[in-house]
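Welcome! Here is a short briefing to read with the structure open beside you. It goes topic by topic, starting with a helix contact and moving on to aromatic rings.

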Amino acid sequence: MDNATVPNRSKLRFACGVFFFISGFGYSSWASRIPSIQQQLHLNEAQLGAVLLALPIGLMLTIPITAKMLKHFSSKSIMLIGAIAFNLLLCVPGFTTYVWQLVILLFFFGSARNIYNLSTNSQAVSVQAFYDKSIMVNFHGIWSIAGFAGAAVGYVMVSYNVGASWHLLLVGIAMLITTAIFYPHIYYEKPVVTSATSGFKLPDKHLIKFALICFASMACENTMYDWSGIYFQKVVHPSKSAATAAFVVYMVSMTIGRFTGDRLVASVGIKKVLTFNGILVTAGLLFCIILPYTYTTYMGYGMVGLGVSCIVPLVFSMAGKSQSMNTSQALAAVSTVGYLGFLIIPPAVGIIAQAAGLRWAFGMVAGFGALIIVMVSQLKENA
């Protein structure tokens with residue numbers, strides 16, 4: 001590539017990081033108001049769980065469409081579409097008055113989130129190509145910081161009794177303005193069409209290992225989002241403040257891992273980092289199961305947070321170098337299997353917990369940590 005045509009890579013990296021921030025801030029803002037919307041629509045826990053399932057279903061069903069779009073258009077253009085749709089839909093949940101309205105909204109919100117996330121990760125892989133060192137994990141660290149910021153703003157809004165409608169409307173508008181400001185600085189890369197076949201494919205023989213690692217990591221990560229607080233309350237029996245602190249320990253550990261992961265990759269290589277991540281996830285969950293006490297569970301949650309922190313961004317980085325598919329197709333293929341873990345495993349945890357208890361359910365999830373270790377052992381360092 002002619003150096004004269006290459007934009008300033010620092011500006012590219014900063015702009016790409018801003019779009020990761022928009023994603024994290026917007027999503028955590030929505031999550032912070034779920035209890036408010038639950039009360040607004042008078043939903044019990046079972047009804048809320050069924051309603052929230054619309055979001056990952058919309059996300060999953062849109063993956064093939066996003067892959068085809070990314071095959072024919074630049075990730076920059078698709079990311080703009082995703083960002084606009086994501087933030088416009090973010091403005092609406094607080095104004096819903098019927099359950100069916102929220103279900104339809106969340107379906108399309110999940111679809112927009114998929115378009116946005118896949119194109120943003122595809123953009124990040126393109127920016128990564130300008131650097132000799134790993135920067136992918138850092139982008140996901142920005143998402144985590146944005147998640148903290150969005151949750152903090154949500155806490156303030158709830159504390160001052162600001163309605164979910166006005167809160168999410170203001171966030172959506174602010175993120176749309178931010179999108180307009182930084183979009184011109186995003187890298188434009190012509191899509192690379194590798195064949196005349198459909199834009200979406202399932203993972204091939206080369207990518208299936210990456211897909212299974214992604215599946216296992218996302219299964220563990222979403223289980224912690226959905227069940228870590230409940231596990232702490234029902235198995236550890238702490239005070240309310242201690243239960244809240246447990247999830248904070250997990251999130252802080254994951255954020256720390258994402259801001260240190262790139263340096264570790266530079267020092268010891270991706271394969272060793274991924275192996276260590278898998279060990280941390282497995283050991284952390286087993287620690288919670290074997291020693292279900294307040295401080296040992298804090299330690300276990302911290303280990304799991306550090307463990308899952310780097311896996312998905314590093315797997316995306318490696319899969320994006322596939323020789324059999326272009327970057328967007330490879331990420332879509334790996335994401336499809338990965339999001340199945342995000343969608344299927346947390347409900348399975350609930351079924352096992354109902355039948356045998358949460359400790360057995362978490363033991364099943366620890367098995368996915370072991371799967372990560374096995375799959376990583378079969379990768380080549382520069383796969």
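In this predicted model, helix α1 meets helix α6 through L12, R13, C16, F19, F20, I22, S23, Y27 and W30. Their partners in α6 are L102, L106, F109, R113, Y116, N117, T120, N121, Q123, A124 and V127. Sorted by type, the residues of this contact are 13 nonpolar, five polar and two charged.

**How the two helices pack**
- Helix α1 covers residues 9-32 and helix α6 residues 99-128, and their axes lie 10 Å apart at an angle of about 160°.
- Because of that angle, α1 is roughly antiparallel to α6.
- The crossing of α1 past α6 is left-handed.

**Aromatic rings**
- The whole structure holds 17 aromatic pairs.
- F86 and F109 are a stacked pair, because their planes are at 15°, with ring centres 5.0 Å apart.
- This pair joins distant parts of the chain, since F86 sits in helix α5 and F109 in helix α6, 23 residues apart.
- Both F86 and F109 are buried.
- One aromatic cluster is made up of F19, W30, F86, F109 and Y116.

- Y295 and Y298 pair edge-to-face, with 5.7 Å from centre to centre and 80° between the planes.
- Both belong to helix α12 (residues 294-309), three residues apart, or about one turn of the helix.
- Y295 is exposed, at 67% relative accessibility, whereas Y298 is buried, at 16%.

**A look at I84**
- I84 lies in helix α5 (residues 75-90) and is partly exposed, with 34% relative accessibility.
- Its C-alpha atom is 9.2 Å from that of G172, although I84 and G172 are 88 residues apart along the chain.

Key:
Residues are numbered from 1 along each chain as its sequence is written. This is a predicted model: local features need pLDDT of at least 70, side-chain atom pairs count only at pLDDT 80 or more; totals for chains, interfaces and linings use all residues. Side-chain values use heavy atoms; hydrogens and water are left out. Helices (H or I, at least four residues) and strands (E, at least two) are DSSP runs, numbered from the N terminus. Buried means under 20% relative accessible area, exposed over 50%, partly exposed in between (1.4 Å probe, protein chains only). Axes are lines fitted to C-alpha atoms, for helices over the stretch in contact, and angles run from 0 to 180 degrees between N-to-C directions. Angles under 35 degrees count as roughly parallel, over 145 as roughly antiparallel, 65 to 115 as roughly perpendicular and the rest as oblique. A crossing is left-handed if the near helix is turned anticlockwise from the far one by less than a right angle, and right-handed if clockwise. Contact means heavy atoms within 4.5 Å. Ala, Val, Leu, Ile, Met, Phe, Trp, Tyr, Cys and Pro count as nonpolar, Asp, Glu, Lys and Arg as charged, and the others, Gly among them, as polar. Rings of Phe, Tyr and Trp (its six-membered ring) pair if their centres lie within 6.5 Å; planes under 30 degrees apart count as stacked, over 60 as edge-to-face and the rest as tilted.
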